[in-house]
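Please open the model in a viewer and follow the selections below in order. The tour begins inside one chain and ends at the contact between chains.

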2 protein chains.
Amino acid sequence: MSAAASPCTAAPMLDILRTPLLTDLYELTMYDAYLEAGMVGPASFEFFVRKLPPCRNFLLACGLAQVVEFVLGARFGEAELAWLEGCGRFSPRTIARLARFRFTGDVDAVPEGTVVFAHEPILRVTAPLPEAQLLETRLVNLLHFQTLIASKAARMVLAAGEGKMLLDFGLRRAHGAEAGVLAARASYIAGFAGSATVPAEPLFGIPVYGTMAHSFVQAHEDEIQAFLHFARARPQSLVLLIDTYDTERAAQRVVELAPKLAAEGIPLRGVRIDSGDLAEHARKVRRILDEGGLREVRIFASGGIDEQLIARHVAEGVPIDGWGVGTSLTTSNDWASLDCAYKLVDYAGKPRRKRSEGKATLPARKQVFRRFDRSGRMVADTIALESERLAGEPLLVPVIRGGELVSPLPSLARIRERVQAQYRSLPEPLKGLEPAHDYPVDISQGLSRLVQSLDQAGDP
Amino acid sequence: MSAAASPCTAAPMLDILRTPLLTDLYELTMYDAYLEAGMVGPASFEFFVRKLPPCRNFLLACGLAQVVEFVLGARFGEAELAWLEGCGRFSPRTIARLARFRFTGDVDAVPEGTVVFAHEPILRVTAPLPEAQLLETRLVNLLHFQTLIASKAARMVLAAGEGKMLLDFGLRRAHGAEAGVLAARASYIAGFAGSATVPAEPLFGIPVYGTMAHSFVQAHEDEIQAFLHFARARPQSLVLLIDTYDTERAAQRVVELAPKLAAEGIPLRGVRIDSGDLAEHARKVRRILDEGGLREVRIFASGGIDEQLIARHVAEGVPIDGWGVGTSLTTSNDWASLDCAYKLVDYAGKPRRKRSEGKATLPARKQVFRRFDRSGRMVADTIALESERLAGEPLLVPVIRGGELVSPLPSLARIRERVQAQYRSLPEPLKGLEPAHDYPVDISQGLSRLVQSLDQAGDP
């Protein structure tokens, strides 16, 4: 909270998506102070979630690819140096050092699409202290958001079950541009079929989908004319929006229109309902379509969808073939953040621990070992010292060594496969929407002994 | 929900913060279909919020500057055209037209920092139909988020009252980079003193603040050494973080250290507490500091702060001089989205109305007239036809005409002044945290008659 120097606005444009200046000021302040104090020894920081939200039975780790891109690409270029020099807060020595900044350290992480629980390290950075510190804010910003969204999307995917289609419609109420684009990625990883967000395709190769809005219907003098215009302009994979005025009447109009469209060689693929009691409308519309000989035409629903509604539709056998999910997905509206942290666990060869009330952390570099039963079902995790060798699969793997990527990161297709395998290995109660927080996560003997010995030694 | 063409990932890098391709696919699909149908007449769309969240008594309109930047800067450049051509979804005619895209229309809007309520148009776009449609998604994305955050921040500012300091500490859990940066802007507009988010300074001239993190203390062998190192490296506006191990003991250490710092010419400005029962710690720390002769040293609190906690601290006279607010601010965690829309209200000279259940909209281009009592207090709003002239202040003003800015947008300083004046004019109950939803917003006679006549005419 130290007062700011007078704001300096003359700096050239920063690329906020890539700049290492997208950070809290104190990361730079500490960078400076570490150098001043000669504290440049190796440090390890771990990112983890302190507590699962009551409405999440597990988390799906997500966002590593963007973290790697950020960490390996972090540079102080012209715009950054202009600000550092102009703002009068930093010594020439610090600025000169930042001008040469490259990440030289190591990163270990749980692969994207892995189920994780509270206290389990999801990612570890080991690097000279100032370097590892400097990355904190953006690293948390990237890992937090995609893990939040993937974990929310996972609930929807599990609630929808097989044979249903989920699409991300949430860009408009996502919190800014990057949130919209990364929510498309995170939900696709979790098992969504695609997104309406255009850049998801050129940036990530995610299938994008889209039909028509109410304004298209409203702009026409009559609804049938609107349907015809749209069908002729966009004959491929035609889906008509039928709730602008009266949903069932529009469904009747669709039945009347279908032969005409067929004669023009335009197959009707589906209709979308976006308001009212979606279940009731879907049932009525299904009947109208079926009686009109349109059994193959699918019904899509959107507007206020979340995992609870999806589960209800599935349980009641509502004839909805797919859901477009918006705000509840891209804002994780029932729980819009995770209680996560990036904490120093080791410095200069000594394990470190924060003991702040309610925020105490586990010291030392750690590994998580996950055990499975014979059917491949997860049964228990143990958080251990990195140096321990326990039974089970170690979750953290080397990602970066000495500033270089160890091996290419998996494709989205591979990550999606991993997620499906993770779903299959989940204990049954964790797959449901009801709170189930009894998955066993233990602390190893080695780690327990270390905590005890640090506690006995008292605080520095 | 039409199926995607095969993803094409070869496109050059999109700048997602500026590209008009940051949109839902259906905006492009409709653009194409409007051209195909020859529907290029003038259209008006209005952005408004359908319903206030139960925990918001008013909204603070925010984000217009970014919308203007987007609307006037929207271009389909190399990266955009490469994707449009490569993806195989659009006709050469549509692509050629997009290549020449410039916004040629009008924008009217409520100035940033204005109090608004449900159904009141906050912004209107009037332009050829395909053009006005194309802007929808990003425009909503920008206006929604900043209005959401400014409205949340306003509650904190009003709860804190005079003489206290509020800072945005929320970048790490904001939903991505843009959310972090724009939350700094929106909260500053609402009355925060500044932000920890560095780019807020070079981009917007917002004061940025920062001290030290727990890791700085943890990396040292003892806490006093950490305080000393930090003080010497960053002697200006020194604030020490005192809750890494034992808050009160750290406060004692601060008292012991202060004479030494003073002898070195380093004034201690404050301490920060970030965990535990903040009120209890603040009281104890205040006593320790006062007894140690450090009456001038201020106490800052952070960690899990929201407006309810601020109000409690103020009500109980807790000796906290300022709060650093993180997640609750930048995610608007109690209500992470607004039920907002951008709806067609007029096309080709005819008012338009959507009647979907629970989502019906008010037709025609509108104006909001706000009346004040003699003391300058807001007493009632009327939503009217644009053509009506009623008593009161018209809230929407011309911003863009024929694709050109009417006059320069106000500075942040001016917007902040406007916000303070708005707070003074708020009816007392709306200033509190308790729900107060009885501020009168009426519909004018002219608008009522139009709605009736459209209803009688029936749906198209």
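Select the boundary between the two domains of chain A: 13 residues of domain 1 of chain A are in contact with 17 residues of domain 2 of chain A, contact meaning that the C-beta atoms, placed from the backbone, lie within 7 Å. This is a predicted model, in which local features need pLDDT of at least 70 and side-chain atom pairs count only at pLDDT 80 or more, while totals for chains, interfaces and linings use all residues. Residues are numbered from 1 along each chain as its sequence is written, and chains are lettered from A and ligands numbered from 1 in the order in which they are written.

On the domain 1 side of this boundary, display α6 (136-160) and α15 (412-425) of chain A, the elements that give two or more residues to it; helices are DSSP runs of H or I, at least four residues, numbered from the N terminus. With five residues, α15(A) gives the most to this side. By class, the side has eight nonpolar, three polar and two charged residues.

Next, colour the domains of chain A: domain 1 covers 25-149 + 338-457 and domain 2 covers 160-330, with bounds from an automatic or database domain assignment. Their centres, taken over C-alpha atoms, are 39 Å apart.

Now show both chains. The contact takes 112 residues from chain A and 112 residues from chain B. On the chain A side, select helix α1 (residues 25-36), which gives the most, with seven residues. That side divides into 53 nonpolar, 35 polar and 24 charged residues (nonpolar: Ala, Val, Leu, Ile, Met, Phe, Trp, Tyr, Cys and Pro; charged: Asp, Glu, Lys and Arg; polar: the others, Gly among them).

Finally, superpose chain A on chain B: a rotation of 180° with 0.0 Å of shift along its axis does this, with RMSD 0.0 Å, by least squares on the C-alpha atoms of residues with pLDDT of at least 70 in both. That is the relation of a two-fold axis. Of the interface residues of chain A, 100% are also interface residues in chain B, so the copies meet through the same surface.
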